[in-house]
Amino acid sequence: MSHDHVPHAASSLRDLGRKAMHSPKLLSREEVIRIAEHVLKGGEHASELEKEIAKKATHNPEGVEADELVILGKKTLEDK
């Protein structure tokens, strides 16, 4: 039985946000989708650009550019 600490979802999202800002092309497909879904869930606080990028990322994670991932990463770090 493992006693490893499992990170809390919020801290994991913050880690992903930092990773998106510093190394956006190293994000896995699943990580891109997770960040995009987080931005979409907080939709009333996201700008139209952020929502558009997040929708694109959920449909085609591999097609999202590095600068777009940085925008989603910044939004993830802004949310508390």
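Is Glu 78 buried or exposed? Glu 78 is exposed, at 52% relative accessibility. In this predicted model, that residue takes part in a salt bridge, and other such pairs are described below.

## Salt bridges overall

The whole structure holds six salt bridges. Among them are Lys 75 with Glu 78, Arg 18 with Asp 15, and Lys 19 with Glu 31.

## Helix α4: Lys 75 and Glu 78

The side chains of Lys 75 and Glu 78 pair with an N to O distance of 3.7 Å. Both residues sit in helix α4, which covers residues 66-78. They are three residues apart, about one turn of the helix.

Lys 75 has a relative accessible area of 5% and is buried, because buried means under 20%. Glu 78, at 52%, is exposed, because exposed means over 50%.

## Helix α1: Arg 18 and Asp 15

Arg 18 bridges to Asp 15, and their closest N and O atoms lie 2.7 Å apart. Helix α1 spans residues 9-22 and carries both partners. Their spacing is three residues, so about one helical turn separates them.

Arg 18 is partly exposed, at 37% relative accessibility. Asp 15 is also partly exposed, with a relative accessible area of 41%.

## Between helices: Lys 19 and Glu 31

Lys 19 meets Glu 31 in a salt bridge at 3.1 Å, N to O. Lys 19 belongs to helix α1 and Glu 31 to helix α2 (residues 29-41), so this pair ties together parts twelve residues apart in sequence. Lys 19 is partly exposed, with 29% relative accessibility.

Conventions
Residues numbered from 1 in each chain as written. Predicted model: local features only at pLDDT ≥ 70, side-chain atom pairs only at ≥ 80, totals over all residues. Heavy atoms only, no water. Salt bridge = Lys/Arg side-chain N within 4 Å of Asp/Glu carboxyl O. Helix = DSSP H or I, 4+ residues; strand = E, 2+ residues; numbered from the N terminus. Buried < 20%, exposed > 50% of the residue type's maximum accessible area, 1.4 Å probe, protein only.
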